[in-house]
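Subject: Structure handover

Hi,

Here is the structure I promised, with my notes below it. Please keep it open while you read.

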Amino acid sequence: MAEESGAARDRDEGEGTGEGTDGTGEGTDEGGPPSGSDADAGTGSGSGSGSGTAKSGADSYRPRPSEAPPADDHPSSEFSVPDGIAPPEGAEEEHTTSEFAVPTGVAEPAVAEQEGSAFATPSTYRARRSPTAFTPADGIPKVTLTKDAPWQDRMRTMLRMPVGERPVPEVVQRHDESGPAVPRVLDLTLRIGELLLAGGEGAEDVEAAMFAISRSYGLDRCEPTVTFTLLSITYQPSLVDDPVTANRTVRRRGTDYTRLSAVFKLVHDISTPDTEVSLEEAYRRLAEIRRNRHPFPGWALTLAGGLLAGAASVLVGGGYLVFVAAAISAMLGDRLAWLCAGRGLPEFYQFVVAAMPPAAMGVALSLSSLDVRASAVITGGLFALIPGRALVAGVQDGLTGFYITAAARLLEVGYLVVGIVTGVLSVLYLGIALGAELTPETALHTVERPAVQLLAAMALVFCFAILLQQDRDTVLLVTLNGGVAWSVYGALALTADVPPVAATAVAAGLVGLFGQMLSRAQHASALPYITAAIGPLLPGSATYFALLAMARGELNTGLASLSKAVALALAIAIGVNLGSELSRLFLRVPAVAAGLPGPSLRRRAAKRTRGF
């Protein structure tokens, strides 16, 4: 009986278990999870006999240790809302908020506007509602400059325009997609401007060169500024961007027109569309220009200075002995000046020392029994020392509106002239105390031998060009220009009885006119064709007569002669500048590109103080 009851119990449990499994399958098909509760529900949906049996089977069933409980396919948090129940209204989202957050419904406090750049876009600015005050109704016409005009005139015309009226630049040199390298372009511009200003170029031409370089590399909104010792350039990408400013100080100055011509050639190549010069290539060429040696050695410069003084002495009526004496004294003064420069003495003392040997040679000849014109020796030495280059550059800067630079240059000329006066007067006082007979001649320039003096004037220009370290190709041209200037002066002052100041101004004007034409033909600076050519016109005799009168105690006569020397110097500078301006009148001006509206642009005059 016990075995039968056990078998029956096993059979009943097997039947109950099987029905329960069927119930579980039905629950799973309905989409519910296969849990024990679903099995009970499925069992309950079976027959009556099966239901009770399944319940007893479920109660007696125990999982084996090797069997793992069924895993839940959708794990969720214990605090989540059960399926089928709508979440309560106003439930907060599941994210962490700060304890300092502003509660809902409370207005946030107004935040004070932070101080920013003055060039930042205003908060009330809208691009679609921007004002059209700076843009014409028909747009801004594209303006192109004539290709045959030199870059100096094109850039000078652009600089004299207001920034808003300047045409859109045509980028000459290529650069990568990221745009031009602004710091490197500004640095290259300043380095080139430094070489030009240190070489004696005028402030307006230096600004034109700097502007040409910046526009060629795509920096259109640039404003270069040039003073006597400081160069600066400012670039502003747009009206709302911060400007970028860089500057450079000119500490050393030297006279090397070969280097000056090479820099002008570099600027011409950069600003010409036909020649591609990258930034790396421009830096390489600039480094080569700096490393290049001078075309003439030191001994050649000393010899040229002596020959210049000898030619100047012949120009004012001296003979062969005077020529030799003036040459020897000038070379001695040049060597003494080099010695002082090597010891680090300022340039003022160098001119004082250089002016003493010619004056001492003149006093020695007057004390001797030789029948020579001692004053011609001193005058020849003065021709070699008068700073004509700085004088012309200073007056030119003043005429073009660069008054600070002009004042600094003229002050430099004043210091150098005072040094010359100090050196000559110290020797003349000593000579007069020793009984030297020094009498000033009545004529400023005596033309008794026109052919000899013409050759002497050309020799003077030739030696002056060597002293300026000019390129050998330009020495012959500037010598011919100086010969023309002296011929015109002699014809006007002696043949036509024109006053010396007016004759000097006309001759200097021709020098400036021809020098500008030659420089345009060579795409170079005009200084190598002008500075040496004005050598025969320098007021050496008038300066000597003024110093001699002061040494003899005739102050009124000395001041009158000194005033004449100043007038001659100003006539030279103004004449050179006027000739240069006249040469630009024959060039075409910028014009509007074909097919685009807008008036043509004429060459503007410099907008300066206008008298107030």
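One cut-off first: two helices count as roughly antiparallel when the angle between their N-to-C directions is over 145 degrees. Bear in mind too that this is a predicted model.

Now to H11 and H12. The axes of helix H11 (residues 347–367) and helix H12 (residues 374–385) cross at roughly 165°. H11 and H12 are therefore roughly antiparallel to each other. Their axes come within 7 Å. The crossing of H11 past H12 is right-handed. On the H11 side, the contact is made by Phe351, Ala354, Ala355, Pro358, Ala359, Met361, Gly362, Leu365 and Ser366. On the H12 side, Ala374, Val377, Ile378, Gly381 and Leu385 meet them. By class, that contact of H11 with H12 has eleven nonpolar, three polar and no charged residues.

The overall picture

The protein chain holds 20 helices and five strands. It has 612 residues, and 42% of them count as buried. Take the contacts in the chain with a separation of 6 or more: 73% of them join residues 24 or more positions apart.

How do H14 and H19 cross? The axes of helix H14 (residues 403–433) and helix H19 (residues 540–551) come within 9 Å, at a crossing angle of roughly 45°. That angle makes H14 oblique to H19. H14 passes H19 in a right-handed crossing. H14 brings Val421, Val424, Leu425, Leu428, Tyr429 and Ile432 to the contact. H19 brings Leu547, Leu548, Met550 and Ala551. The class count for H14 with H19 is ten nonpolar, no polar and no charged residues.

Helix H6 (residues 203–216) has 14 residues. At 1.5 Å a residue it should span 20 Å, and its end C-alpha atoms are 20 Å apart, so the two values agree. H6 is mostly covered, with 14 of its 14 residues buried. Just after H6 comes Gly218, with a positive phi of about 95°.

Helix H9 (residues 298–315) has 18 residues. From its first C-alpha to its last it reaches 26 Å, close to the 26 Å expected at 1.5 Å a residue. H9 is mostly covered as well: 14 of its 18 residues are buried. Gly317 follows H9, and its phi is positive, near 110°.

Start with Ala456, in helix H15 (residues 450–467). Its relative accessible area is 7%, so Ala456 is buried. Leaving aside neighbours within four places in sequence, Ala456 is in contact with Ala311, Val314 and Leu315. The C-alpha atoms of Ala456 and Val314 are separated by 6.5 Å, yet these residues are 142 residues apart along the chain.

Next is Asn481, in helix H16 (residues 472–495). Is Asn481 buried or exposed? With a relative accessible area of 4%, Asn481 is buried. Not counting residues up to four places away in sequence, Asn481 touches Leu510, Val511, Phe514, Gly515, Tyr529 and Ala533.

Then Ala508, in helix H17 (residues 500–522). Ala508 has 0% relative accessibility, so it counts as buried. Its contacts, again not counting residues up to four places away in sequence, are Leu537, Ala571, Ile572, Gly575 and Val576.

Most residues other than glycine have a negative phi. Two residues here go the other way.

Gln469 is not a glycine, yet its phi is positive, near 55°. Gln469 lies in the loop between H15 and H16. At 3% relative accessibility, Gln469 counts as buried.

Asp497 is not a glycine either, and its phi is positive at about 55°. Asp497 sits in the loop between H16 and H17. Which is Asp497, buried or exposed? At 63% relative accessibility, Asp497 counts as exposed.

Best wishes

Terms used:
Residues numbered from 1 in each chain as written. Predicted model: local features only at pLDDT ≥ 70, side-chain atom pairs only at ≥ 80, totals over all residues. Heavy atoms only, no water. Helix = DSSP H or I, 4+ residues; strand = E, 2+ residues; numbered from the N terminus. Buried < 20%, exposed > 50% of the residue type's maximum accessible area, 1.4 Å probe, protein only. Contact = heavy atoms within 4.5 Å. Axes fitted to C-alpha atoms, helices over the stretch in contact; angles between N-to-C directions. Parallel < 35°, antiparallel > 145°, perpendicular 65-115°, else oblique. Left-handed = near helix turned anticlockwise from the far one by under 90°. Nonpolar A, V, L, I, M, F, W, Y, C, P; charged D, E, K, R; others polar. Expected span 1.5 Å × (residues − 1).
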